[in-house]
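Visitor: Hi! Could you walk me through this one?
Guide: Happy to; here it is.

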Amino acid sequence: MATTYRTCPISGMQFEDQAEKLMRWNAVAGVLWLLVGGVTALLVILTRWPAIKLLPADQFYLILTAHGIDMLILWILFFEMAVLYFASSVLLRCRIATPKIAWLGFWLMVVGGIITNVAVFQGESSVMFTSYVPMQAQPHFYLGIILVAVGALLGTCVFFGTLVVAKKDKTYQGSLPLVTFGALTAAIIATFTILSGAGILIPTFFWSMGWIKEIDAQLYRMVWWGLGHSSQQINVAAHVSVWYLTAAVLFNAKPLSEKVSRFAFLLYILFLQLASAHHLLSDPGMSAEWKVLNTSYFMYFAVMASMIHGFTVPGAIEAAQRRRGFTNGIFEWLRKAPWGNPVFSGMFISLVSFGFLGGISGVVLGTEQINMLMHNTFYVPGHFHTTVVSGTTLAFMSITFLLVPVLFRRELILPKLCQIQPYLYGISMGILGLVMMGAGTLGVSRRHWDMAFSGAPFQYEWPGAAYLMMGLTGIFGVIAVIGGGLWILLIVGSLLFGKKLDGGKVSDKPTPIPANTQAASAVAHGSDHVPVPGTVILALLLFVSFVLYYFVNWKYLSEVWLLS
Amino acid sequence: MSAILPPSDRLWWKQPIDKVEWAWIGIAFVWGMIMFGMMIYWHIYGKQNLSNEAYKITPELFAAKAEKFIDENTIRTETDQHIPVVRVPPGGDGYLIARLWAWYPILELEEGQTYKIHLSSMDYNHGFSLQPVNINIQVIPGYEHVVKMTPTKKGTYAIVCNEYCGIGHSWMLGRIYVK
């Protein structure tokens, strides 16, 4: 198929025509789902805020189901498709493989997303994101998700195909860039994830049609989490890639060590899926040995990988800044970073939130015995709002500030508001996660409409502190929704009303990435080593917080009833 | 040069890893092993481990066992719904049914005694959330989970359902007395 290649005058990146259109449509579709997810988020927050309690119970559970599906599946998956096409076609400067199949995948995802949303809003499918059997939704609820998964699988295959095209057309030499390598790990995990999803959702669809009599409730949970948790690992691999991308674009940062960073991505592939066992730690159907093995031996290798990225990403930035001459003291490189650029501030808040809040809370939550203190409490959504929202969503938001001029060729409107958006959203979301975890530590349940238990045969009064935490959840939740809404406004506003920018030169042929000169190779051979003391201090701070919080929870556990 | 270009050194896997990076990898690895060891340590020396004892069972069979237990050990009934309060024999077995939307019956335990509490669901997934102690266990239909519990303090405890189970989820509240 005839196609053209545009070289962006701002970034120097090369966009192939079909890939560019695919990225734009996927990103825009993602933003629209984020809008639906954001409206539902506001309704959820205003209902769980005890002083307001906006919706009646049936509507609350309906809206909560929609919020989970639209945010965790649709917003993130559509944006990730754009990331995959970017990491392959743009970074490798080649045409996208089989664009028609990529479009088929896109439209399957759109149609599937709409079908599932229709099912949810019809009111007979309020089964939550996890849709645990034997609670049953309407058949088209499952069918829609299956279509989305098939569409995503097609997109993933197009990504793999594009890597082959680049290799065959020799548009680059040597190994894949690190960001593309990270996206490749995300795509491999995605393939596994989608197959697990098919393995459970197709039988569940048959069951909802009456073709299968029964699905074992424990088996469902085990296979479903192969989808549910692994899909979060796609997010981790994708947003870590976006961190490296941001560091490379803004600072021309190179990885401290290609070997270490790539090895850490490999660990994600090898071990993260098995970590989905930590959703089953308080279940009856698995043995303690199985739980310990899957959550420790396997998960801790994945934790190690995240700790490595948590070191090498800021380390790469520090090294690049020091090379530029910001060498005074330990933290000049960080103080003089472009904090007014939302691409950087969003990325850095995402990095810190994911590490300090999401990472630490996730490992503690995933410890076999400690899980009993938190399983199904408000701690759980508190934790994953600091990973998948403060981490993934914020990283995607911040890179979009870069994509608007480069991919959409529009100038950002209201630059002052663009500057404050990552702070408003990132900080409120971080605090939201913390107060949610606080409420969960006090026992407050997730997915629960009424803290007062009206209609119950007995009374139970939550501690006053739990009400305080839920009130704070309401306040910071509303601020976070405003921050997220502001982002949608700025991005959509820029796409519609931003000043049009010059698209740059268009050519019929791709310009390959120039090969390295001998001199550049020589420089790379360790002679430009820069120490990174600031990053070491940050990493040690993370480690100390991690150890303290971990053992505090063992202390909590030792104080409850004895169990064996 | 950067992370968005192919590695400038084509033999990047031969580059040495910096000391600081090695140290951090080492810390992360050792910490992972400590956390791994901690779970095993707690299984041996800790006093709060979730039971491994579980059986596949039908809801009907579990309900029959629970009814027998309730008939033999009920000491009084409470509330307008006449929910039986059942004294679990110290050291013995107690049954707790999770169903739409109640925990049944009310159990009465003694401080310092160890009980085998059998948990199962008659219908959907439910969540056993003992408050204010904050112990949380998943209750799954088709599985009978036998959890050994030793209450450490007298009082009136609530069992909140913390797994979403439909419209009545928010009033699914049970009770345990510890004398």
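Visitor: Let's start with Pro105(B): where is it found?
Guide: Pro105(B) lies in the loop between β5 (102–104) and β6 (106–109) of chain B. Strands (E, at least two residues) and helices (H or I, at least four) are DSSP runs, numbered from the N terminus. The peptide bond from Tyr104(B) to Pro105(B) is cis, with omega near -5°.

Visitor: And what joins Gln131(B) and Pro132(B)?
Guide: A cis peptide bond, with omega about 0°. Pro132(B) sits in the loop between β8 (126–131) and β9 (135–139) of chain B. For context, most peptide bonds are trans.

Visitor: Before I go on, what am I looking at?
Guide: This is a predicted model, where local features need pLDDT of at least 70 and side-chain atom pairs count only at pLDDT 80 or more, while totals for chains, interfaces and linings use all residues. Residues are numbered from 1 along each chain as its sequence is written, chains are lettered from A and ligands numbered from 1 in the order in which they are written, and side-chain values use heavy atoms, with hydrogens and water left out.

Visitor: Good. How much do chain A and chain B bury between them?
Guide: About 9000 Å², with 68% of it on carbon and sulfur atoms. That is the accessible area (1.4 Å probe) that two parts lose on being put together, summed over both. The contact (heavy atoms within 4.5 Å) takes 112 residues from chain A and 86 residues from chain B.

Visitor: How many salt bridges cross that interface?
Guide: The rule finds 3 between chain A and chain B, a salt bridge being a side-chain nitrogen of Lys or Arg within 4 Å of a carboxyl oxygen of Asp or Glu. One pairs Arg447(A) with Glu163(B) at 3.6 Å, N to O.

Visitor: Now helices: at what angle do α16 of chain A and α1 of chain B pack?
Guide: Helix α16 (residues 533–558) of chain A and helix α1 (residues 19–45) of chain B pack at about 5°, with axes 12 Å apart. Axes are lines fitted to C-alpha atoms over the stretch in contact, and angles run from 0 to 180 degrees between N-to-C directions. α16(A) and α1(B) are therefore roughly parallel (under 35 degrees).

Visitor: Which residues make the contact?
Guide: Among them are Phe543(A), Tyr550(A) and Trp554(A) of α16(A), and Trp24(B), Met35(B) and Trp42(B) of α1(B).

Visitor: Last one: what is phi of Arg93(A)?
Guide: Near 55°, a positive value in a residue other than glycine. Arg93(A) is in the loop between α2 (57–90) and α3 (99–122) of chain A.

Definitions and conventions. Parallel < 35°, antiparallel > 145°, perpendicular 65-115°, else oblique.
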